Each structure stands twice: as structure tokens, then as C-alpha cells.
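Open the structure in your viewer and keep the selection panel at hand. The tour below goes from one stop to the next.

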Amino acid sequence: MRKRETLEKFKEQLQNNKMFSSILISNDNQELLNDFSNEISRMIFCENYSLENDDCYNCKIFINKTLLNFVTLGDGNLAINKIDVLDLMQKFSLTTNEVNKFKIYVLANAENLKNESANALLKFLEEPPANTIAILLTKNKSQVLSTIKSRCKLIVLENENTLSEKQNLIKEILERDKNSILLANAELKKLDKSELIAMLEEAYSKTIVKKYLNIAEATLKLIYDLKFTFQTNLAIDVFLIHLSEVI
Ligand SMILES: [Zn+2]
């Protein structure tokens, strides 16, 4: 799954009070995994479950790293010690009244969870304290013990390079001549709606407000229509016609 899609899914689960209590996220890039687990955690703590940092009180203290209900174990490489797992379990069994009801722990490299540490964690995964969420990260899901894997919701995170190629589609369309701009409608309609929204938002903040201010309003209108109306094909046509007229 893509990052954005995963966040949207989790947001829905949170709003319906059906958030998974343990998630295993797999990708071969540790940095991407770390960033993404931070994004998910911030959203879970956020007062509004906002997909982006909305500067609410909880988002702020999360970003400032002053949140006690958020713990990370493992550095992405070394084995995770049993003592650290026990320590974590002890800490998370106590009740706190911090910011919101959730407590989150991240295991940076679940494939290094072996033997005693894994055994210690299993029961915790199986019967977690209320509102505790485990986010396990792995660069190699085939090395994660099956007993751990079977207790988690597995998310295989797609690399974003395919997305950024497509993200350039909007930017690329802006470079085209009038007729080719109009022909782009089939390409845009083929895309997944959330993907198109992500693309437009990215193009808006990085390119349009800097270079193409005359289409800024139309871009925001299209984003709005994609999010809140059903006439999305029509909205795409209107947007492209506008583009072909003013660019
Ligand atoms: Zn927030």
C-alpha cells in the first residue's frame, strides 16, 4: 500500500473505534519506515486524527517529543533485548492521563526480535492493555517470526518513487501545449482518486503557488471537488479546460 492510502485507512479505523492494536509495516528502507511510523503515531495522537500535522496541542507535543505515551525500541539494526521489552510492558501497564487515550510503542526492527524477547512480547501482542498500539517495523518480513507476524496486521509499504513519477504528471502537464493539456484528461481519470488528490496537493504547494498562481484557485477547486463531490470526471475536464486557456 502507499503511505497516503494507509494513513487514510487508519484514520477511518480510528474514527470507527476499530484501530488495529498491532501493525507490522514492511519496506526495505529503514528511514522510510521510521518516518512513516512517526506519521502514523502523530495521527493517532492528533485530536482530529488529521492526515497532516494540524498544529493541534497533541500534534505539537508529539513533534516536540515530549509525549510519554510514545516509546521506540530498537535502532533498526541491533537485537531487541528482553529487558527492554519487559521494561516497556511494565510501563505500558500503568495508566496515565496523558493527552489522549492511546499509548504507542514502535519496534524499529521486528526481524531482530528473537527467542526470549519475542516470547516476552507475544502475550503483550495477544492481550494488549486498553488502547495500546504496537507498530512493528521490518526491512525483511520473511525473517519476522511467524508467531509475531500472525498477531499483526501486515502492511507492505510501497516505495514512493512510482508515486513521485506520477506526481510529476501534474507538473508535466503544466509544461504541455494547449491541445496536449486537454488530452491529459484520460490519464488523470485513470488514477486512483486519493492518488490524484495527493498529486495535486503536492504540485500545488511545490510548483503552482510559485510559478502558476493563475491556476491556484482552480487547483484548489479541483481538490475540493475530488474530495467532496461525485462529479469528479467533470471536475477534471473543467480544470484542464481552464488550464489550457490560461497557461
Ligand atoms: Zn493534530
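**Stop 1: strand E1**

Select Ser 22, Leu 24 and Ser 26 on one side of E1, then Ile 23 and Ile 25 on the other: every one of these residues is buried, and both faces of the strand are covered. This is a predicted model. Now colour the whole of E1, residues 22-26. Because five of its five residues are buried, the strand is largely enclosed by the rest of the structure. In a regular strand the side chains alternate between the two faces of the sheet.

**Stop 2**

Look for Ala 134 in E4, the bridge partner of Ser 22.

**Stop 3**

Colour residues 3-156 as domain 1 and residues 161-246 as domain 2. Their C-alpha centres are 35 Å apart.

**Stop 3: the second largest pocket**

Where does the second largest pocket lie? Both domain 1 and domain 2 give residues to its lining, so the pocket lies between them. Its volume is about 210 Å³. Helices H1 (3-15), H10 (193-211) and H11 (216-228) are the elements that each give two or more residues to the lining. H10 gives the most, with four. Select the lining residues, among them Arg 4, Glu 8, Lys 193, Glu 201 and Lys 227. By class, the lining has six charged, three nonpolar and one polar residue.

Key: Residues numbered from 1 in each chain as written. Predicted model: local features only at pLDDT ≥ 70, side-chain atom pairs only at ≥ 80, totals over all residues. Heavy atoms only, no water. Buried < 20%, exposed > 50% of the residue type's maximum accessible area, 1.4 Å probe, protein only. Pairing = 2+ DSSP bridges. Domains from an automatic or database assignment. 1 Å grid on protein atoms, 1.4 Å probe; cavity = no way out; pocket = protein on both sides within 12 Å on 5 of 7 lines; lining within 4 Å. Points joined across faces, edges and corners; volume = space filled by probe spheres on them. Nonpolar A, V, L, I, M, F, W, Y, C, P; charged D, E, K, R; others polar.
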